[in-house]
Amino acid sequence: MTWFGWVARDVKEEGNRAFNEKEPEKAVALYSEGLEQLVGSAQREKRATLLSNRSAAYAALHRWEEALRDADEAVEYAPDWAKPWARKGRAHYSRREFQKAASAYAKGCEVALKSADEAKKRHESEVAAIKKQAQQQSEEYERLLHEVAALKSQLEDYELVFDKSKKS
């Protein structure tokens, strides 16, 4: 059993399984159960996920009003996540609200591109930090190698001196 961070019985995963097994009614019930278990505004991301997933389940049932309501609410909780915008676009499209659908899809694309750009910048920053750390550690390793070589040379010198003094 996996944890989604808030319930022992992972209704999100069970809802996903039901949805993938073409049981959207069961998925709606499970996502609803998960939403009821969430308390407080600190759970915004989890609430957005469940609402977005339930929106997809409602869409599979052709319950466009409920799909749109959940997509709208998911967008409120996670405006920088592309998936609820796509759910919103689908609901508007199916209600023949083509201009609203196009706007929602466009916003979803904008959000996805921004997210990808931010991820790329984060990745580049992480790579730069790793390269810097690797360079520093390489330099430290080189310094230690030279130190070991110097100590080895000193040891050999001491051995020569002590071996000569023992023979005399």
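Where is the place of Arg96, in a helix or in a loop? Arg96 sits in the loop between α5 (82–94) and α6, the helices here being DSSP runs (H or I, at least four residues; strands would be E, at least two) numbered from the N terminus. Phi of Arg96 is near 65°, a positive value in a residue other than glycine, and Arg96 is exposed, with a relative accessible area of 63%; throughout, buried means under 20% relative accessible area, exposed over 50%, and partly exposed in between (1.4 Å probe, protein chains only).

The model is predicted, so that local features need pLDDT of at least 70 and side-chain atom pairs count only at pLDDT 80 or more, while totals for chains, interfaces and linings use all residues. Residues are numbered from 1 along each chain as its sequence is written, and side-chain values use heavy atoms, with hydrogens and water left out.

**Loops with positive phi**

Lys22 also has a positive phi, near 60°, in a residue other than glycine. Lys22 belongs to the loop between α1 and α2, and Lys22 is exposed, with a relative accessible area of 70%.

When residues up to four places away in sequence are not counted, Ala27 touches Gly15, Ala18, Phe19 and Ala57, a contact being heavy atoms within 4.5 Å.

Helix α3 holds Leu51 and also Ser52. Leu51 is buried, with a relative accessible area of 2%, and, leaving aside its neighbours within four places in sequence, Leu51 is in contact with Leu35, Asp70, Glu73, Ala74 and Tyr77. Ser52 is likewise buried, with a relative accessible area of 0%, and Ser52 touches Ala74, Trp81, Lys83, Pro84 and Arg87, not counting residues up to four places away in sequence. Leu51 and Gln154, which are 103 residues apart in sequence, lie 71 Å apart in space, C-alpha to C-alpha.

Ala104 is in helix α6 and is buried, with a relative accessible area of 3%. Beyond residues up to four places away in sequence, Ala104 touches Trp85, Lys88 and Gly89; the C-alpha atoms of Ala104 and Gly89, 15 residues apart along the chain, are separated by 4.9 Å.

Tyr105 is also in helix α6, which covers residues 98–167, but Tyr105 is partly exposed, with a relative accessible area of 36%. Tyr93, Phe98 and Tyr105 make a nonpolar surface patch of about 320 Å². Patches are made of residues with over 30% relative accessible area and no salt bridge, like charges being joined within 9 Å and nonpolar side chains (Val, Leu, Ile, Met, Phe, Trp, Tyr) within 5 Å, and accessible areas come from the Shrake-Rupley method with a 1.4 Å probe, where for residues only the protein chains shown count as cover. Phe98 is partly exposed, with a relative accessible area of 40%.

The count of aromatic pairs comes to one, where rings of Phe, Tyr and Trp (its six-membered ring) pair if their centres lie within 6.5 Å, and planes under 30 degrees apart count as stacked, over 60 as edge-to-face and the rest as tilted. This pair, Tyr93 and Phe98, is edge-to-face, at 5.2 Å centre to centre and 65° between the planes.

**Salt bridges**

The structure holds twelve salt bridges, each being a side-chain nitrogen of Lys or Arg within 4 Å of a carboxyl oxygen of Asp or Glu. Among them are the following pairs.

| Lys12 | Glu13 | 3.1 Å |

Lys12 counts as buried at 12% relative accessibility, whereas Glu13 is partly exposed, with a relative accessible area of 29%. Arg95 counts as partly exposed at 29% relative accessibility. Because Lys120 and Glu124 are four residues apart in helix α6, they are separated by about one helical turn; Glu124 is partly exposed, with a relative accessible area of 43%. Finally, Arg54, Arg69 and Asp70 are linked in a network of salt bridges, and Asp70 is also among the contacts of Leu51.
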